[in-house]
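Q: I'm new to this one, so could you walk me through it slowly, beginning with the ligand?

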Amino acid sequence: MKIPINIPLVGKEEIDAVSAVLKEGTLTSSANLGGKNVQEFEKIASAFTKSKFVIAVNSGTSALQAALLALDIKKADEVLLPSFSFVATANAIVSTGAKPVFVDILKENYTMDPNDLKKKITKKSKAIIPVHLYGNVAYIDQISEIAKKHTIPIIEDAAQSLGSTLKGKHTGTFSILGCYSLYPTKVMTSGEGGFITTNSKSMREKLLMIRNHGMVNGYDTKIFGLNFRLPEISAAIAKIQIKKLPKFLFQRKKNAKILSELISDLPIKIPTERKNEQVNWYLYTVAIKNRNTVMIKLNNKGIGAASYYTTPIHKTPFYRKKILLSNTDWAAAHVLSIPIHPKVSVKNLQFIAKNLKELV
Ligand SMILES: Cc1ncc(COP(=O)(O)O)c(C=O)c1O
């Protein structure tokens, strides 16, 4: 693709940081607090998200698994999540032995429908995982109210929404635990990686153990844990990337605005920010009637338009569930994400808009 949907934006500084780690020779640390770069990255990420504590891990999936383990989610428990997400959200739940319960989404911004959530809560519900999909902030006030009423903790899946805020508060910090991904196509990367935010000291201590086989001082496993440690090379990259993040987010926002202006007269649903919401523009996603034809034709022109997700989780072969989630089905058939990452130029945006106009 001439204009890919998302690409990692790494340069000389990241290369130098990786070289420095290799030369120094400490590639990881199984100490409770992790390596030097891990700890430094955690400090910067905690200042960025305005969260008291950050625990870096080796993927967004690990972040979700660790968060579920920290809440003692286990067999026979039910965890509520939207089916319209990346499969990692559900896989993390299954890995604990718990049962994923799929909730429909709202057409407005493709995130969890609080009303459908209400209907799906049972005595077995032990956690709720709203996903801030595409960087759009889920209806967290309503979801939190429902969760509070039933005393069910929330884990936010903020894998796609690093930098998105509502009323100035970062996604991932509205609840006890927030989980982020640093996969290469995300708004910033560490190669593979992720992290968890929390304001709870006891959760932080538990997560530090879970990250490292439940140990504190080594060979003293106190609780169940795994190897969720972030390598030092990845942490060194993440440290540079998070400093560049505000600039990346500024450029994404600018591109989103330009594209919206260019295609505002087309008969398609364009993404908008609600009052008090700042989106990180991880994915600029429109809803469009003849989605598949448009996607193929844009791809043929070198425009990496992509659809996240054409198959909702509950319809994949592994999860196959006979439930009706009508807005989820609608979204799966209509959404199309268009490249607006920082390397997309104004000329690129004009080319994309021109092609869209011809196709819609
Ligand atoms: C919504 C969502 N949840 C979880 C993940 C898992 O993150 P990772 O790929 O870093 O394991 C991703 C990203 O890939 C995601 O988009």
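**Around the ligand**

Q: Which polar side-chain atom lies 2.5 Å from an oxygen atom of the ligand?
A: Bearing in mind that this is a predicted model, the atom belongs to the side chain of Thr61, and the distance from there to the ligand oxygen is 2.5 Å.

Q: And how far is an oxygen atom of the ligand from the side chains of Gln160 and Lys186?
A: For Gln160, an N or O atom of the side chain is 2.8 Å from an oxygen atom of the ligand, while for Lys186 the corresponding distance, again from a side-chain N or O atom to a ligand oxygen, is 3.0 Å.

Q: How much of the ligand does the protein bury?
A: The ligand taken alone exposes 380 Å², and 93% of that is buried by the protein. The space that the ligand takes is the largest pocket.

Q: Which residues come nearest to the ligand?
A: There are 15 residues around the ligand, and those that come nearest are Gly60, Thr61, Asp157, Ser181 and Lys186. By type, the shell divides into five nonpolar, eight polar and two charged residues.

Q: Which helix gives the largest share of that shell?
A: That is α3, with three residues; both α3, which covers 60-70, and α4, which covers 88-95, supply at least two residues each.

Q: Switching to salt bridges, how many are there in the whole structure?
A: A search of the whole structure finds 15 salt bridges. One of them joins Glu40 and Lys239, whose closest N and O atoms are 2.6 Å apart.

Q: Where do the two partners sit in the chain?
A: Glu40 is in helix α2 (residues 36-49) and Lys239 is in helix α8 (residues 232-263), so the pair, 199 residues apart, links distant parts of the chain.

Q: What about the backbone, where is the peptide bond cis?
A: The bond from Tyr308 to Tyr309 is cis, with omega near 15°, and Tyr309 has its place in the loop between α9 (291-300) and α10 (326-334).

Q: And what is phi near in Thr151?
A: Phi of Thr151 is near 45°, which is a positive value in a residue other than glycine, and Thr151 lies in the loop between α6 (140-149) and β5 (155-157).

Q: Why point those two out?
A: Because most peptide bonds are trans, and most residues other than glycine have a negative phi.

Definitions and conventions
Residues numbered from 1 in each chain as written. Predicted model: local features only at pLDDT ≥ 70, side-chain atom pairs only at ≥ 80, totals over all residues. Heavy atoms only, no water. Near = heavy atom within 4 Å. Polar contact = N/O pair within 3.5 Å; in protein donor to acceptor, adjacent residues only side chain to side chain. Areas by Shrake-Rupley, 256 points an atom, 1.4 Å probe, with all protein chains shown as cover. 1 Å grid on protein atoms, 1.4 Å probe; cavity = no way out; pocket = protein on both sides within 12 Å on 5 of 7 lines; lining within 4 Å. Sits in = over half its atoms within 2 Å of the grid points. Helix = DSSP H or I, 4+ residues; strand = E, 2+ residues; numbered from the N terminus. Nonpolar A, V, L, I, M, F, W, Y, C, P; charged D, E, K, R; others polar. Salt bridge = Lys/Arg side-chain N within 4 Å of Asp/Glu carboxyl O.
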